[in-house]
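Grab the viewer and follow along.

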Amino acid sequence: MRNIATVKYTKKIGSTVASALALALAFATPALANDKVVMRLPWIANVQAAAYIIAFEKGFYRDAGLDVEIRPGSVQVNPNQLVASGDEHFGANDSPNIITGVSRGMPLVAVAACWQKHPGGLYMLESSGIKAPKDLIGKRLAYDEGGPWTLIKAMLSKSGVKLDQINTVNASGNEVLMKGTVDARSGFVINGPVAIELAGMKTTAMPASDYGISAAAEVIFTNKKMIAEKPDVVRRFVEATVKGYKYAYSNREETLKIVLANNPQLAAEQQRRQLDLQAGLIFTERAAKQGLCSFDRQDVASTVDVLREFGGLTGQVDVDAMINTSFVPAP
Amino acid sequence: MMGAAHQFVAATGVKLLPERELAIDIRGLSKTFSLPAGGNWTALQGIDLQVERGKFLSLVGPSGCGKSTMLRLISGLLSPTSGTVNVFGQSPEQFRSKNRMGFVFQDATLLPWRTVLGNVLFPMEILGVYTRKERLERAEAYLELVRLHEFRKSYPAQLSGGMRQRVSIARALADSPAILLMDEPFGALDEITRQDMQEELLRIWAETGITTIFVTHSLSEALFLSDEVAVMQARPGRITGSVVADLPRPREPSLRLKPNFVEQLMRLEAMLRDPDQQKS
Amino acid sequence: MNTPSHLHNRFLTRAALSLQENWPSIALFALGLLIWQYAVAFLQIPQYLLPTPSEIFLRIWKERWLLWSNLSITMIAAIAGFFLGFLIAVGLGTLFVFSRTAARALMPWTIIIRTIPILAIAPLMTIWLGFGIAPKIAVAALACFFPILINFYRGLGSISREIGELLSLVNASRVQGLIHVRIFAAMPFTFAALKISSGLAVVGAIVAEFTGANLGIGTLIVTAGYQQDAVMLFAGIIVSCIASVLFYYVVVAAEKLCLYWPEARMG
């Protein structure tokens, strides 16, 4: 039996060889040194990260010769800086976030866009009667700076609604919505409404992707150095993660069990519903045709345009330099 | 100015009282404190003490003999457990509701945010006695009396320990009290300053004629200042004897070296060491 | 007497004196900036990880009106919260002096309020008080009220036994004791707390802006974070630091004015 924990990747080739030799002699089994990489999540290790957790727990990464350490993110930790500086090898973020980082000079390269539809959008209580962007005119809308707000602004603009026709206010949390302080709020349609529904209120959602706003989420990225020096590691990581996506969503009960076992603080029912909603963003028509996590230059370029118009993006973005679509496995 | 200060004294009701009246009359006084840890502590037991108006009496004795407690019972800050305290025929509280009692603490106990003048004015302002102009005249007069008039605008922190104590004496006297209670007022001062202060106090006492109870550790200080020295002992606090000072007034500094003074001092010391040798 | 040139000279003398006193700290500060500037260049640290001071100061200058308009909004809330916290603290402290029952009943509550993390209460304040300046003032007040209360209350009780006896001997009422003695005794303690609270109030207002506000330096900092604009992030942090320091010195000036007697000021 191969025990990955005993074989540690080190930067010194000599010692790697030495330890490999020593192990080979000791156990008389062929022991390959796994590539040790760090994956930084954009958020905590909940069902949003199901694919990575499954790829790890089911041994997909290990089988690909990778010793992956999955590190959770938080509001304060942006994976961009950590991957850009080379401290960590892979990260996930939504495409607007990565583009913004690139515009600040970060040497990031997107290699897989796993949620082809972005979960950003508006949600509201069903009782509000708001169904389309036009219904928001004269209403109160709570938003968080950053996050999906830029996509929502693009959605509203595309639907012919001007921002000054709505009373917008910068405020966090579902409470403002549930209490009726505001009529709608910005957020992610996969989790915000779920929490409200679980509290016993009916909700409706208005994802920006339904209104033709192109952006991806859970985009896996690395830095230019990795692409240049270890393209093979990148390929194996993307492939194993895609395998994780397939397994996770074909075996949702098991996935849920594993995710909850990893993080017992999560609310089971909320996670179950979120996982189901996520599937709709991942297993799209395009995924069926071109493959899971596939993306192209045009997707990113159109998101850059949205950011330039609505997200205050000013810096230089070389789209061709910041993407590499060659790592995504064919369907 | 000193004459003016004397007039203020004469203007109080005290003058109308008959001569040789008892200013302080304590009978069968006991004071017991309950201790925080439980149990009781008898601070004073069976005290009898009479002081005539205008006299200067000192209380001497070891630590814990209840000297300070005596002053607080006379001033009404504490109430007796048994026995009576009368001040000019009234209870201390009754007396203080209409008359003044000066109190000088071991530390000057000045208010640091008030000037020297402001500190002397403080009791009169709180009591609301006299007009503003009169209060100011009185305060200035008593600052003259303690020779600190030129420092009236200084703050306590800018004065020496002796000067601060003189301010507190001026404060105690400024509203013409009938009685002056002093609780080891010179205890924190160096010997030279202390002797100067003693002479200054005698001069003020002579000018104001105020009945004074003076608590001290120092036998020579007590003897030098007083008409009578009461000796106390501890556990329980009690008066074990007293000596009427057979010394001429006004008292000159050189008196401290005279055989007569030294002999009486030795007698006091003997009384303090051997309580059974009581004499009056 | 005080001709303009006279005042001018006095100002110059003062400035020279303060320079003489403070040059070590100014020199160290300048040296720190210099090292920062050249270390970033020498170690080739990218801007998105750590911008240089010159980049930051250029940005502050370029965006001075934006920074100023947002900073002034934050500072108005911080100062209003500071005064509100001060008034509540002084009110409660005074109440506690007059009623031991009130002190016993309310003191544990103030301690509980103290233990609530500001970061956790800030979103609730937005929900309760709506948007705009009210929640910011509330969070700022909450942040600074406790140190002021504790110190003010302690200061009111800091008078010696002898001063207490002196008050009894002159038949002082409790109000007189408060106005003429306890308030003064409490002032040095209170100002020690006010100096701490000046900074806490600014932090409180900024934290409130993190969770719900359209304007203010906190909003600017959050936006810069989302925009991954490290230069603007530092610019926001630095101007709010400068504002906090200025506020601190305003409190120090007020202290100098109020604690006029010698040896009144504590550390």
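**Exercise 1.** How many residues of chain C are in contact with chain A, and how many of chain A with chain C?

*Solution.* First, a word on the ground rules. This is a predicted model, with local features needing pLDDT of at least 70 and side-chain atom pairs counting only at pLDDT 80 or more, while totals for chains, interfaces and linings use all residues. Residues are numbered from 1 along each chain as its sequence is written, chains are lettered from A in the order in which they are written, and side-chain values use heavy atoms, leaving out hydrogens and water.

Now count contacts (heavy atoms within 4.5 Å): 16 residues of chain C touch 28 residues of chain A.

Next, take the buried area (accessible area, 1.4 Å probe, lost by two parts on being put together, summed over both). For chains C and A that comes to about 1900 Å², with 55% on carbon and sulfur atoms. C:Y48, C:I127 and C:Q228 supply 40% of what chain C buries there, more than any other three residues.

**Exercise 2.** Which residues form a salt bridge between chain C and chain A?

*Solution.* Look for a side-chain nitrogen of Lys or Arg within 4 Å of a carboxyl oxygen of Asp or Glu. The count is one: C:D229 pairs with A:R104, their closest N and O atoms 3.7 Å apart.

**Exercise 3.** Which side chains meet in a salt bridge between chains B and C?

*Solution.* Again the rule finds one. C:E165 meets B:R72, at 2.6 Å from N to O. Around that pair, chains B and C bury about 2000 Å² between them, 70% of it on carbon and sulfur atoms.
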